Amino acid sequence: MAKHRAGRGVDRWILPAVGVVAVAGLAVAGGVAALGGDDASRAGNSTRLGCENPVRVVTASSFAPVLTALQPQLDRGDVCVRVELTVADGRDAIAKAEKIGADVWIPDDAAWSGSAGRLNLAQAPLAGAGTTLATSPLYMVTDPATGRKLRDRGGSWLALSQLVGSDSAVRLVIRDPQGSGDGMLGAGAPAEAVWLARDMDASALWLSRAQHRTRIVAGSEPAMPGRSGEVGVIPEYALTKALPAAKTKPAVLPGTDHAAMLRYTWYPLASALTDPGRAAALERLRLRLTTADQPLRDAGLRTPAQAQAAVGSLPAPSARPLGALGAHNVDHVFATWYQADRRTDLLVAVDVSGSMAADTPGSAQSKIALVRRGVSSVGGLLPDDSRMGLWEFGSELDGSRDYKQLLGMGALTDGHRRALRASVGRLTAQETGTGLYDTILAAYRSARDSYRSGVPNQVLVFTDGKNESDEKSLTAPQLAAALAKAADPKRPVLLSVVTFGDVSEAKVVENALQPVAGYVDVLRSADEVSAVFIHVVAGGLHH
């Protein structure tokens, strides 16, 4: 599928102020120097820089034993480090770190950082931010017969996604995605394989379908398969402890297309680096953690250098490493499993020109029929505190206006959902032109004016891709200028145009949307129509 991106979302990490960076840099430099000698001037700073200043650390339960084992060593020296440890996993760790005023956060995967904007993390490479301290590869664990099915398809994460999607006997087993890196990557690794092999819409659609074929293991127990056909996704640190208790020897596959792994990552907070004593203590702690080989082994973790080595009896994860999931990719996982993450305000505008009556490639259904089904599915997936509205557009459908409101924006109460279903039923192809540019501008302004603080605000336009048969229409350059004028940073709108047209027409639209970082998606098949609606629910089409 051809993809056209007119812009990228705002980075979720918050860059510290210039003054903070300067002070923090001096503080870290001073801390490193203090570790290098025993002269009187450095010793005189030991009270200010040492254990009188505890370091508040929030880390995952699987990494906490490493810090506990190191504490006796950290208690010694001119610049000792008194660690105040808080153990918290997954999304809960972000709230805990904020509540206690943490100095550093060590989550069980780098992907969590995309959800941590409010923590004001220091930006790499300042104070070692983003340093990988340890890893733990993920394995697919299943019964021998299902293992053979996986190997017959190549033994890859993509093969796992295909079996979960097509074989009714195969089910996925993971931990709670929001509760640990184990669960988040348990769903995210096969979804990422689909994204890389196909595209992001297909990945969102796979997650939606896989969610109904997945068993969630509660608590801290590893996601071991419980019956034939189940495939658990388990990190090495948990698997080595669980295998001795297994009744039969399972098939264990590391993935032949990618080596998926947890990355335990060092994230100091910008506020901690403004204090010279705390910054020095943080640096000493970080340096010690980068050489903590034995404590890591005792915890069942690997050093970064061992990430793909043959360790123990498990097969080595020899495929190329899968990169840390981006924030948008993680949003897909959460929106699939947790309805509250689908909260959004969504205005959908549907082209009802004659070309929408044509069959969709690969389907006996018309384009407009597939769009009707997609709009209905979105209405069913969004939570009650979302809002949704529906327009149709062509050429002068409502007096001189090219668009007509079928349903105004409203909360998805039972009554509004019934009204939405009725409005969707009225979407039919007509003998009319396509006032695409005028409709895009009007929909953008409408969404901007109805903006609710803290709620994602989206406009989704479905069209045959051409602005035609509308003599009074804006031109593409005029649309770009009008969008630039309409944009309000305090009331942002995610604008997406999904087209069944050709790439050249889509490029014209994409250029016109650049002032508001709009997104254009070109569809080719019926499956892609379903996927794009799922993607909207799973966090929007934008990156």
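**A chat about burial and packing**

Trainee: How much of the protein chain is buried?

Mentor: Buried residues make up 55% of the 543 residues in the protein chain, where buried means under 20% relative accessible area, exposed means over 50% and partly exposed lies in between, with a 1.4 Å probe and only protein chains counted. This is a predicted model, in which local features need pLDDT of at least 70, side-chain atom pairs count only at pLDDT 80 or more, and totals for chains, interfaces and linings use all residues. Residues are numbered from 1 along each chain as its sequence is written, and side-chain values use heavy atoms, with hydrogens and water left out.

Trainee: Why is H13 described as largely enclosed?

Mentor: Helix H13 covers residues 327–337, and nine of its 11 residues are buried, so the rest of the structure largely encloses it. Among the buried ones are His328, Phe334 and Trp337, and the elements that the buried residues of H13 pack against include helix H5 (90–100), strand S6 (171–175) and helix H19 (526–537).

Trainee: And which residues have the most contacts inside the largest nonpolar core?

Mentor: They are Phe63, Trp105, Leu285 and Leu289, in a core of 93 residues. The largest share of this core, seven residues, comes from H8. A nonpolar core is a set of buried Ala, Val, Leu, Ile, Met, Phe, Trp, Tyr and Cys residues joined through side-chain atoms within 4.5 Å.

Trainee: What does Leu285 touch, beyond its neighbours in sequence?

Mentor: Leaving aside neighbours within four places in sequence, Leu285 is in contact with residues including Val55, Leu74 and Trp266, where contact means heavy atoms within 4.5 Å.

Trainee: You mentioned H8, so at what angle does H7 pack with H8?

Mentor: Helix H7 (residues 157–166) and H8 pack at an angle of about 100 degrees, with their axes 8 Å apart. That makes H7 roughly perpendicular to H8, a label for angles of 65 to 115 degrees, whereas under 35 is roughly parallel, over 145 roughly antiparallel and the rest oblique. Axes are lines fitted to C-alpha atoms, for helices over the stretch in contact, and angles run from 0 to 180 degrees between N-to-C directions.

Note on methods: Helices (H or I, at least four residues) and strands (E, at least two) are DSSP runs, numbered from the N terminus.
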